[in-house]
Amino acid sequence: MDWRAIDWIWHIRGSVPLPPGQSSHEAFDRLDPLFRVRDTYHDRRGDELTFSKSNQAPQDKMATFDGGTLRIERDGTGAVLRFDLHSRILLFCFLAPLLFLAFAGLNIAIGVLDPPTAAEKAEAKKKQEERMKRIAEQPLHPIDQFLGAPAPEKPKSEEEKAREKAEKKGKSEDVDEDEGEEGPSTTPAYVFAGIFAALYLVGRILEKWLITKRFRQHLWDEEPALDGGAKPA
Amino acid sequence: MDRAQGTRVGNRIIGAQSPVTVGWENIGKVEGGPVKKAFFTWFQPTVLIGLIVFWYYAPNSIATASTAIMIGIGFRLFLLGLEWVNPRHESWKLTWKELVTDLFFVGLGYTVLDTVEMYIGDDAIIEAVHNSFDWDKLQWFTGLPLLLQAFLISFIFDFGQYWMHRGMHNWYPLWLTHAPHHYITQLNINKGAVGNPVELFLIGLGIGGFFDFLPRAALLAGTLGLAVGTYQHINVRFNTPRWWRFVFNTTEHHSVHHSQDFEASRSNYAGTWIIIDRIFGTCVDGEAELLGMEGGRRMTIRETLVYPFTEAWKTLRERFGRPQASAVPAE
């Protein structure tokens, strides 16, 4: 399979121009601190640098990437650093929405395969109502009465519930006939699928911008203290 | 503090293997103008008192679980903003990759773990116990003052969590489930969720279900978890009041617990009520910046999910497996 068609999902490619007159050797020397961190291996051969990383600490300035190639190319106008970096966390974040959609599917399946019976539902409802009734019957502690805390509401009678339902229908509000979905809720799974889809888009743009900025800072000496240490100060 | 020798705390030497600052007088304060200092001094108690007053007086139509969930999400988002504005350590700043990792484990908690707990969680166990013994609920509990009920719900849960957590640090099978959480190398709002799901399931077990309590008391108890327990994992520097850090857990305490120093990590087990650690002699007041295990090796998501099982398998094979034939050169 030709992965190049889809490898943009987990690859970040870009380029940074080198300052005029900067040699490949000098450019890689300036980038060197970024690769002198824990569990990072790099190899320099002429105009090319390859690296790989594992178990990157969050304090590693290139923690998002697991490996890649940096190449210096020259033409008549000047030199440019081209980079091609790959990231498992980008791929993971891209696939995470599918995983959470699968969890939602699993909960739907549980609702279909193992639905609560009418008797179980009635029993659970009865227990809850009994509990609420018991709680409502007991007066609040005198301290709470004195301080003005609201007393628990008494459970509504069947007539009150029927009246409320009729009123809602009259106002054309959504009335869930089944009073809740069968089985475990799917809402959190859908919410997290959405969150990870958004995070992927943010990461794809942000990480490219950050690494381009970092390379530029090192190459152009825009940052007085070259960072890259995996250990905090 | 002498890094090589550490600091004596009771019978123990804290910080001999990795730097730990011991004693409140040695911990840095919030720096900046008077407004900033006042904000980061009064924020924690103001929010706690404000939320308690809110839940105490909110009408029944507002005092619901869904309101609590919305407040919880909003509060955590706000705290993420505070991490950005006033970080405790630059080296703990939240990155995109860390956010993705943290939210993945938060997501597991809200989805798969939630589903599993429906079948084998504490509620299911308590339900079974009730049905087996026809055990009437402890109804007297609902007659207590609201705030006392809330305190007891929170304290009893935390007391159980303290011993479960301490057990995890002292009994190898339980430690295997907890170890992945100790591979985090920085504290941020959602780092409490990072760990093996088996551990998250175990630490969530409680006995609160045995009691009948007013729904409002449960919401008040939840507020203690939100407005105190959340600060365990946070990268914000506060001037936490003296009374607060005597009674409640703080990010300083929890950073000591996550320190790379072995002795330091065997302290501050409570979630919300650090006073439980004081009672049992496991409290160390201080802070640490260098966190983690194996010198700060970060565990991948995959390893976090499988670690208890792979390590258990390795241990069992070493103990009961057939000895490997050693390679002896032919004569």
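How are H2(B) and H9(B) oriented to each other? They are roughly parallel, a term that covers angles under 35 degrees. This is a predicted model, in which local features need pLDDT of at least 70, side-chain atom pairs count only at pLDDT 80 or more, and totals for chains, interfaces and linings use all residues. Residues are numbered from 1 along each chain as its sequence is written, chains are lettered from A and ligands numbered from 1 in the order in which they are written, and side-chain values use heavy atoms, without hydrogens and water.

**Helix pair in chain B**
- Helix H2 (residues 65-85) of chain B and helix H9 (residues 215-227) of chain B have axes that come within 11 Å and cross at roughly 10°.
- In this contact (heavy atoms within 4.5 Å), H2(B) supplies B:Ala65, B:Ala68, B:Ile71, B:Gly72, B:Phe75 and B:Arg76, while H9(B) supplies B:Leu219, B:Leu226 and B:Ala227.

**Surface of chain A**
- A nonpolar patch on the surface, with about 1300 Å² of accessible area together, includes A:Met1, A:Trp3, A:Trp8, A:Phe94 and A:Tyr190.
- Patch residues have over 30% relative accessible area and no salt bridge, and nonpolar side chains (Val, Leu, Ile, Met, Phe, Trp, Tyr) are joined within 5 Å.
- Helix H2 (residues 88-113) of chain A gives the most to the nonpolar patch, with 7 residues.
- A:Trp8 lies in the segment before strand S1 (11-17) of chain A; its relative accessible area of 41% makes A:Trp8 partly exposed, the class between buried (under 20%) and exposed (over 50%).

**A:Thr117**
- The loop between H2 and helix H3 (118-137) of chain A holds A:Thr117, which is partly exposed at a relative accessible area of 42%.
- From A:Thr117 to A:Pro20 the separation is 97 residues in sequence and 77 Å in space, C-alpha to C-alpha.

Definitions and conventions
Patch = residues over 30% accessible without salt bridge, like charges linked within 9 Å, V, L, I, M, F, W, Y side chains within 5 Å. Areas by Shrake-Rupley, 256 points an atom, 1.4 Å probe, with all protein chains shown as cover. Salt bridge = Lys/Arg side-chain N within 4 Å of Asp/Glu carboxyl O. Helix = DSSP H or I, 4+ residues; strand = E, 2+ residues; numbered from the N terminus. Buried < 20%, exposed > 50% of the residue type's maximum accessible area, 1.4 Å probe, protein only. Axes fitted to C-alpha atoms, helices over the stretch in contact; angles between N-to-C directions. Parallel < 35°, antiparallel > 145°, perpendicular 65-115°, else oblique.
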